Amino acid sequence: MNIKAYDIVVFGATGFVGKLLCRHLASRGSSSGLKWAAAARSREKLEALRHFLGPEANDLPLLIANAQEEKSLADMCAQAQVVISTVGPYALYGEPLIKVCSELGTDYCDLTGEPQWIRRMLDRYEASAKASGARIVHCCGFDSIPSDLGVHFLQKHALQRFGRYCTHIKMRVRNMRGGVSGGTVASLMNAVKEGAEDPAVRQALLNPYLLCPLENRPNTRQRSLSRPQYDGAFGAWLAPFVMAGVNTKVVFRSNALLNYAYGSDFQYDEAMLAGAGPRGRFKAYAIGGALGGFITMAAITPARWALSHFLVPAPGEGPSPQAQRNGFYDLRFVGLLGDGRTVSAKLTGDADPGYGSTSKMLGEAAHCLALGRKDGKPGGFWTPATLLGDTLIEALQTKAGLSFEVLEG
Ligand SMILES: NC(=O)c1ccc[n+]([C@@H]2O[C@H](COP(=O)([O-])OP(=O)(O)OC[C@H]3O[C@@H](n4cnc5c(N)ncnc54)[C@H](OP(=O)(O)O)[C@@H]3O)[C@@H](O)[C@H]2O)c1
């Protein structure tokens with residue numbers, strides 16, 4: 001096997017999430033036995049990162065690479081078993097690195113939540129990743145690890161307990177606290193802009209099976225929770241969940257990569273629980289209105305300009321350390337077995353979803369990818385659940401503050 005200088009290279013180490021991710025990897029110390037390096041386009045910012053990480057990072061290896069210069073990316077990849085990228089918006093900056101990793105056989109994971117871009121990468125580079133052995137795993141942050149692994153966890157339980165998979169799983173955000181960074185807002189606004197400018201992209205974003213292989217795509221109609229509605233089973237009003245558009249597509253891709261083990265008519269939907277009674281109804285409409293307002297503004301050029309200049313954080317900015325520490329999330333998964341019986345599970349995280357928790361999830365996904373190098377899984381575009389499954393659940397519970405629990409009764 002080709003021995004590389006580093007097991008993991010963090011590309012985008014000087015960004016908001018990149019720094020948190022490096023702090024997580026540094027806190028893992030040498031316990032995992034993995035060697036890692038930080039990469040970015042600015043040496044000055046990389047030196048500042050060493051300072052941010054403290055004296056123990058004095059010897060942290062630093063690499064210079066630019067997302068728009070293929071040669072510099074190839075030099076970086078030649079030294080890495082796994083590259084983690086936090087250089088986003090991925091639809092603007094991510095393609096050259098996917099191309100290089102796919103061609104050179106370098107494993108890769110990232111935080112993209114941009115399904116239209118993932119579809120383009122699949123169409124252009126899946127064949128070369130399969131040929132080179134590169135394992136590409138998108139969506140290794142809050143979107144979409146909790147959804148993808150929550151479904152994996154509940155389906156495994158259903159199979160063990162009842163000998164069959166759930167035909168329908170509902171994910172409900174019971175509670176959540178956290179903030180947004182400039183990078184995430186920039187990615188969201190770019191996806192809305194692409195959709196507003198190109199009807200084909202808009203159509204693609206509405207297709208729940210966008211990330212499934214083109215052949216044998218299911219045609220089961222999926223329930224859309226894009227408007228507030230009452231859910232009798234939960235006794236609460238539901239509000240649309242901003243991440244549902246990407247999470248549901250990742251879950252359906254996992255099912256497709258499992259040869260539709262959950263059934264080609266498997267149903268999955270996500271929403272936020274807004275509470276019962278008139279207060280719950282008001283909250284559901286307030287959340288739905290805020291989300292609709294943001295999308296409308298992001299679709300109109302002058303309003304988008306005003307949003308990015310006056311209302312949302314700039315790239316590199318994000319929630320304060322205190323907001324990250326005080327953040328958390330509590331997700332519920334309810335599975336219907338199709339015969340009246342149900343199973344359910346709870347998934348919680350101990351930090352704000354988008355940054356504190358996301359950086360730990362991404363770091364653990366990369367660890368599992370690096371340590372699983374010899375597991376014989378072939379190259380291609382995977383999902384977190386299908387490539388890393390139970391190994392990642394174990395790592396998330398022991399090293400990243402997540403908890404997966406079956407709820408009885
Ligand atoms: N899935 C999730 O749950 C989740 C959560 C959080 C964030 N995200 C995504 O993660 C990405 C990063 O977010 P963030 O908040 O960390 O953004 P950020 O602070 O703006 O960081 C972006 C990084 O990209 C680097 N970069 C930009 N252009 C480059 C180029 N040409 N060559 C090399 N590096 C370049 C920046 O380098 P400089 O430092 O030199 O400017 C910076 O390090 C975004 O796409 C965001 O949507 C996803």
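This is a predicted model: local features need pLDDT of at least 70, side-chain atom pairs count only at pLDDT 80 or more; totals for chains, interfaces and linings use all residues.
Begin by selecting strand β10, residues 267-275, where seven of the nine residues are buried, so the strand is largely enclosed by the rest of the structure. Next, bring in strand β9, residues 236-239, which pairs with β10 in the antiparallel sense over three bridges, and find Ala-239 standing opposite Met-272 of β10.

Now turn to the charged side chains, for a search of the whole structure finds 21 salt bridges. Select Glu-126 and Arg-253, whose side chains meet in a salt bridge at 3.5 Å, N to O. This pair links distant parts of the chain, with Glu-126 in helix α6 (residues 115-132) and Arg-253 in helix α10 (residues 244-257), 127 residues apart. Glu-126 counts as partly exposed at 22% relative accessibility, whereas Arg-253, with a relative accessible area of 5%, is buried.

Move on to Lys-156 and Asp-390, which form a salt bridge of 2.8 Å, N to O. Here too distant parts of the chain are linked, since Lys-156 lies in helix α7 (residues 145-162) and Asp-390 in helix α15 (residues 384-399), 234 residues apart. Lys-156 is partly exposed at 35% relative accessibility, and Asp-390 is partly exposed at 37%.

Finish by selecting Arg-43, Glu-47 and Arg-50, which salt bridges with shared partners join into one network. Within it, the side chains of Arg-50 and Glu-47 meet at 3.3 Å, N to O, and both residues lie in helix α2 (residues 43-53), three residues apart, about one turn of the helix.

Note on methods
Residues are numbered from 1 along each chain as its sequence is written. Side-chain values use heavy atoms; hydrogens and water are left out. Buried means under 20% relative accessible area, exposed over 50%, partly exposed in between (1.4 Å probe, protein chains only). Helices (H or I, at least four residues) and strands (E, at least two) are DSSP runs, numbered from the N terminus. Two strands pair if DSSP finds at least two bridges between them. A salt bridge is a side-chain nitrogen of Lys or Arg within 4 Å of a carboxyl oxygen of Asp or Glu.
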